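Please find below a short note for a colleague who is meeting this structure for the first time.

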Amino acid sequence: MLRKIRIALATLFFVGITLLFVGIGQTWWGWMAKLQFLPSALALNFAMIAFLLLLTFAFGRVYCSVICPMGVFQDLILWIRRAGGKRLKKRKDFSYVREHAWVRYGMLVLAIISLFVSGQMLIAFIAPYSAYGRMVRSVTGGALTLPLLLTGLVTLVVIVLCAWLWGREYCNTICPVGTTLSLVSRFSLFRPLIDADKCKNCKLCERGCKASCIDVSNHRIDYSRCVDCFDCVDSCKFDALHYRFVGLKGNEIPLQARNDEKTDGGKADPGRRAFLATTALVGTALAAKAQHAQGGFAEVVPKQNPERGTRLVPPGATGEQSFYDHCTACQLCVSACPNGVLRPSSDFAHFLQPEMGYEKGYCRPECHACSDVCPAGAIKPLQPGQKQTIQIGLAHVNLELCLAANGTASCGNCAYHCPSGAIRMVDHAGSEYKIPTVAETRCIGCGACEFLCPSRPVSAITVQGNTIHHTNA
């Protein structure tokens, strides 16, 4: 029964989050993105972090088998592997493998250090939520760039092969979220337990354990790697495996199972020391983060994104540094943007993190799609009407490209379409036509002027980003 409940909930989350990345159902499924651990940590959503840690402390790593889309995706691959093995009457079983502690905790420390130095590229590559979003976007298309396509497909191939050959090895060796939760799950109140008196050592549970964490010979389960899928409980033919409450002291754990507190040879498990050290490091990292309609006057050729001294980041991001420090490159905002303004970056410093451009549309003042779906706090939610008061950048006029300034034609497209009334047309010496000027205190940097300027391939009026976003009176 527990396994069936887990599969039903996992299916709900998997379908919902996948649809989010495709751009469907933000209103229905948006709350699922807020439940993802790493985006919540980057958003400093301490209430959600506490909830997920308490969930893990109570029931084990159910997050990894139900809420995390990458975890459920690997289970799907394993289900296909199992089904194919039965049909071909050829099946490769799993077996107990000791944890790769140095790799596991080393990757977690690297991920935490990257938060200190704003090295979001490492997070974007190894974080499960971001990696899954990259995979979905690379397959479904939409605002797709060559770097995103290549990295998405490579990630897909690596995850599929890893799951097919080694089960949940990615979750228990590479994934920083899995390792963080493992520090808590080893002390969980509810755990699967082996009844040594009933166990016949048939190893059916061990051969089917995708986390390779069941050691039947010693009647031991490594709870730091167990993802609580309940496959073993369902598969035991002798009623020797049960998911039970063990309490704070784990008094119900059989003597044989207490090997979880010792490694082979009787030496103390380094996981306990890792728990204290890594928890302190995670807390320090989070504390540091806390401080821390087109014109038709010219030949219509594709527009180019101009060089910008400072990048444009969406309203709600508060500024460039804050945005890139929190962004996990999950592509959710890219899929939600209805105007094609957001797209994954291809430069090394912010690889696959979103960037703004106005070649295909502009950031409409009434649109809040990206701020509504961002789970990491990179784009904070905005109140109705608040976006119209935030200046993310400032429009600048290049008179050498302006059709009106060159006496080519009377235009005024930028002034006519400016939603904040920041652009007006004034007389210009040497031209029979009026030219645009920008009132800096009224411009919000939405890009309507840049998008609708008939000058090609580069607009005569372009928006330069603000390092820190300002609020216009």
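1. Overall composition. The model is a predicted one. Its secondary structure consists of 20 helices and ten strands. The protein has 473 residues, of which 54% count as buried. Its accessible surface amounts to about 21,400 Å², and carbon and sulfur atoms account for 62% of that area.

2. Nonpolar cores. The largest nonpolar core contains 98 residues, and Tyr63, Met70 and Tyr358 have the most contacts inside it. Helix α1 (residues 2–22) supplies the largest share of this core, namely six residues. Another core lies apart from it and has 16 residues, among them Ile194, Cys209, Val216 and Cys232.

3. Surroundings of Tyr358. When neighbours within four places in sequence are left aside, the residues in contact with Tyr358 include Asn305, Arg308, Leu312, Val341 and Ile392. Further contacts of Tyr358 include Cys363, Gly445, Cys446, Gly447, Phe451 and Val463.

4. Cys446. One of these partners, Cys446, belongs to the loop between β9 (435–438) and α20 (448–452). Is Cys446 buried or exposed? Cys446 counts as buried because its relative accessibility is 9%, and the cut-off for burial is under 20%. Leaving aside neighbours within four places in sequence, Cys446 is in contact with Tyr358, Tyr362, Cys363 and Pro419. The C-alpha atoms of Cys446 and Tyr362 are 6.1 Å apart, although 84 residues separate the two in sequence.

5. Among the buried residues of α12 are Pro176, Val177, Leu181 and Ser185. Leu189 is placed in the loop between α12 (176–185) and β1 (190–194), and Leu189 is buried as well, at a relative accessible area of 16%. Not counting residues up to four places away in sequence, Leu189 touches Phe57, Ala58, Arg244, Phe245, Val246, Gly247 and Leu248. With Val246, the C-alpha to C-alpha distance is 5.4 Å, across a sequence separation of 57 residues.

6. Helices α9 and α10. At what angle do the axes of α9 and α10 cross? The axes of helix α9 (residues 128–140) and helix α10 (residues 146–166) cross at roughly 115° and come within 8 Å. The crossing is left-handed. On the α9 side, the contact is made by Ala131, Arg134, Met135, Arg137, Ser138 and Val139. The residues that α10 contributes include Leu148, Leu149, Thr151, Gly152, Leu156 and Ile159. By class, the residues of this contact are eight nonpolar, four polar and two charged.

7. Backbone details to inspect. Arg456 and Pro457 are joined by a cis peptide bond, with omega about -5°; Pro457 lies in the loop between α20 and β10 (461–471). Leu44, a residue other than glycine, has a positive phi near 55° and is placed in the loop between α3 (37–42) and α4 (46–59). Leu352 is not a glycine either, yet its phi is positive at about 70°. This residue, Leu352, is in the loop between β5 (342–344) and β6 (354–356), and Leu352 is buried, with a relative accessible area of 1%.

How values were computed. Residues are numbered from 1 along each chain as its sequence is written. This is a predicted model: local features need pLDDT of at least 70, side-chain atom pairs count only at pLDDT 80 or more; totals for chains, interfaces and linings use all residues. Side-chain values use heavy atoms; hydrogens and water are left out. Axes are lines fitted to C-alpha atoms, for helices over the stretch in contact, and angles run from 0 to 180 degrees between N-to-C directions. Helices (H or I, at least four residues) and strands (E, at least two) are DSSP runs, numbered from the N terminus. A crossing is left-handed if the near helix is turned anticlockwise from the far one by less than a right angle, and right-handed if clockwise. Contact means heavy atoms within 4.5 Å. Ala, Val, Leu, Ile, Met, Phe, Trp, Tyr, Cys and Pro count as nonpolar, Asp, Glu, Lys and Arg as charged, and the others, Gly among them, as polar. Buried means under 20% relative accessible area, exposed over 50%, partly exposed in between (1.4 Å probe, protein chains only). Accessible areas come from the Shrake-Rupley method with a 1.4 Å probe; for residues, only the protein chains shown count as cover. A nonpolar core is a set of buried Ala, Val, Leu, Ile, Met, Phe, Trp, Tyr and Cys residues joined through side-chain atoms within 4.5 Å.
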